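Work through the exercises below with the sequence and the model open. Try each task before reading its solution.

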Amino acid sequence: MFAVAALTKLLDRGGARGAVTAFGVPRAAAAFAGSALIAGEFGVAALLLAEPRTGAVAALLALAGFSVAALVSLARGRAIECHCFGRLSSAPLGWPTLARNGCFAALAGLVALDGRFGWALTTFAVTMLVLWLGPAGRRHRASRSGDAACLALADRAGRVWTLDTLQENRRPLVLVFSQPGCGACDALLPEVARWQDDLGGRVTVALINGGPAGHRVPLELIDETRTSFAAYGITATPSAVLIDGGRRVDTARGARAIAELVDRVARPTGLTRRGLLRGASVGLLPAVAATAAACDKSGKASLPSNVDAFEVDGAWLCNQTFALCTTAPCVPSKTDPGISVCDCVVVNGYSVGFRNCNDRAQSGNKVRSAFSTVNVNANFGVLTCPSGVPWANCLDVECEIDPNNPAVAKCQCLTVTTGESRTFAGGCETATCTSTIWSAATPDLPATAQYRKGMNQIGQPVNFPKTCPASHP
């Protein structure tokens, strides 16, 4: 197990660096930490062969350390992609991860204790094995039977596609999930079309859209009921799922992560059984580990240590799932006159708020609202509404993802009735200020200055809308 974990990380060093960064290792040290982790796992495997009892103690320590890190992550509600086995089996940390560690820890204990307490440790190992593999097996069978039903989707020409027809050429399949009105999705669609044209011989890329759109992606499947979104656990767009050999291998959330996923799969040197056999040489470790460390590209000195979560003048810029309410219409709560319930969209990408990124991380069907311009296009404008007109303040509030439409969230926003407000909604029609309660902000647009500054630090574009005319005819 340790040898396979080390070897698969060795073949996916970018994923290993990303994983240790997600656990809190500074970005500048991620390459060294990833290489050290690979070397440590190979070292444990070698000790288990040369000095079994010493190796078993080392294995116990390694498993205990990783389990503590996993427990802390789960306690904070963070779903970190651990890349424990590289691209061979990458999934978010969860209780099955702890059960797997417990199973191997019991086996290591048997060796370390020279067979003493055998029955107790064996019973514990079997229990952990059931807790590890049992739920995964049931989910796998359920997903396998549900995938075909959920992917009985028609393209624009009316042809119905299933999982079997998409995989009839036995190539890896990437399902990209999108929805109309998602600015980040629209920006990604030209890339999806290019992948479909350029990678047809290596990877099948299919777009699953939550409704018909005006763009032209060659292979676009329409799922207006979003049943396939629910089947694959897609709670924000854009997202993608990699399927290979009939198995769900990996999930990517956000345009950048999707591009990285497609790039990894399309590489001729991607992870395969033959590649595993070619790379199965412990003797290559020192040279490759040194190369990985030397190839660390930590960026310019001005970059934050963690570009996915950093503080900017009292606000936090986070690259994760969030609820975007900049154009959300709202209605008064039936139970609390001080609350407006707003229909916001669930998005992946960079956003800013005054809560830190851990507090804003998605937990189950709960997600927080934050500010972003990810969906801004030429039709947007900053509309000013007069004092006394009710508006909803949604920044940093808790939202609940709609179980029937995981791309939408209901946010409990504070109703404000004093002072002017500014909103991206309304289409510059001043009459809509009084006809609808909009998600809005005070005239100084809190957190927008930090958003611009933070995005500039990491070289990300900001498409801020222009101010609407003072009046609209």
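## Starting point

Cys103 is buried, because its relative accessible area is 7%; buried means under 20% relative accessible area, exposed over 50%, and partly exposed in between (1.4 Å probe, protein chains only). The model is predicted, so local features need pLDDT of at least 70 and side-chain atom pairs count only at pLDDT 80 or more, while totals for chains, interfaces and linings use all residues. Residues are numbered from 1 along each chain as its sequence is written, and side-chain values use heavy atoms, with hydrogens and water left out.

## Exercise 1: a helix and its span

Solution. Helices (H or I, at least four residues) and strands (E, at least two) are DSSP runs, numbered from the N terminus.

UniProt (unreviewed entry) places the feature "transmembrane region" at residues 28-49, 56-75 and 117-134; UniProt positions are given in the numbering used here, feature names are shortened, and annotations may be inferred rather than shown by experiment. Residues 28-49 are 91% helix and 0% strand, with end C-alpha atoms 34 Å apart. Residues 117-134 are 94% helix and 0% strand, and there the end C-alpha atoms lie 25 Å apart.

## Exercise 2: salt bridges

Task: Which side chain meets Glu41 in a salt bridge, and are both residues buried or exposed?

Solution. A salt bridge is a side-chain nitrogen of Lys or Arg within 4 Å of a carboxyl oxygen of Asp or Glu. Side chains of opposite charge can pair when their charged atoms come close. The whole structure has eight salt bridges. In one of them Glu41 meets Lys9, at 3.0 Å from N to O. Glu41 is in helix H3 and Lys9 in helix H1 (residues 2-10), so the pair links distant parts of the chain, 32 residues apart. Glu41 and Lys9 are both buried, and Glu41 is among the buried residues of H3, which also include Ala30, Gly34 and Phe42.

Task: Where do Glu400 and Lys366 lie?

Solution. The closest N and O atoms of the salt bridge between Glu400 and Lys366 are 3.7 Å apart. Glu400 is in strand S15 (residues 398-402) and Lys366 in strand S12 (residues 366-370), so the bridge ties together parts 34 residues apart in sequence. Glu400 counts as partly exposed at 38% relative accessibility, and Lys366 is partly exposed at 34%.

## Exercise 3: aromatic pairs

Task: Classify the ring pairs of Phe177 with Phe229 and with Tyr232.

Solution. Rings of Phe, Tyr and Trp (its six-membered ring) pair if their centres lie within 6.5 Å; planes under 30 degrees apart count as stacked, over 60 as edge-to-face and the rest as tilted. This rule gives seven aromatic pairs. For Phe177 and Phe229 the centres are 5.2 Å apart and the planes are at 75°, so the pair is edge-to-face. Phe177 is in strand S3 (residues 173-178) and Phe229 in helix H9 (residues 227-231), so this pair ties together parts 52 residues apart in sequence. Phe177 is buried at 0% relative accessibility, and Phe229 is buried at 0%. For Phe177 and Tyr232 the centres are 5.8 Å apart and the planes are at 50°, so the pair is tilted.

## Exercise 4: disulfides

Task: What is the handedness of the disulfide between Cys385 and Cys433, and of the one between Cys394 and Cys413?

Solution. A disulfide is a pair of cysteine sulfur atoms within 2.5 Å. The whole structure has seven disulfides. The sulfur atoms of Cys385 and Cys433 are 2.0 Å apart. Their torsion about the S-S bond is about -75°, so this disulfide is left-handed. Cys385 is in strand S13 (residues 383-385) and Cys433 in helix H14 (residues 432-435), so the link ties together parts 48 residues apart in sequence. Cys394 and Cys413 also have sulfur atoms 2.0 Å apart. The torsion about their S-S bond is about 105°, so this disulfide is right-handed.
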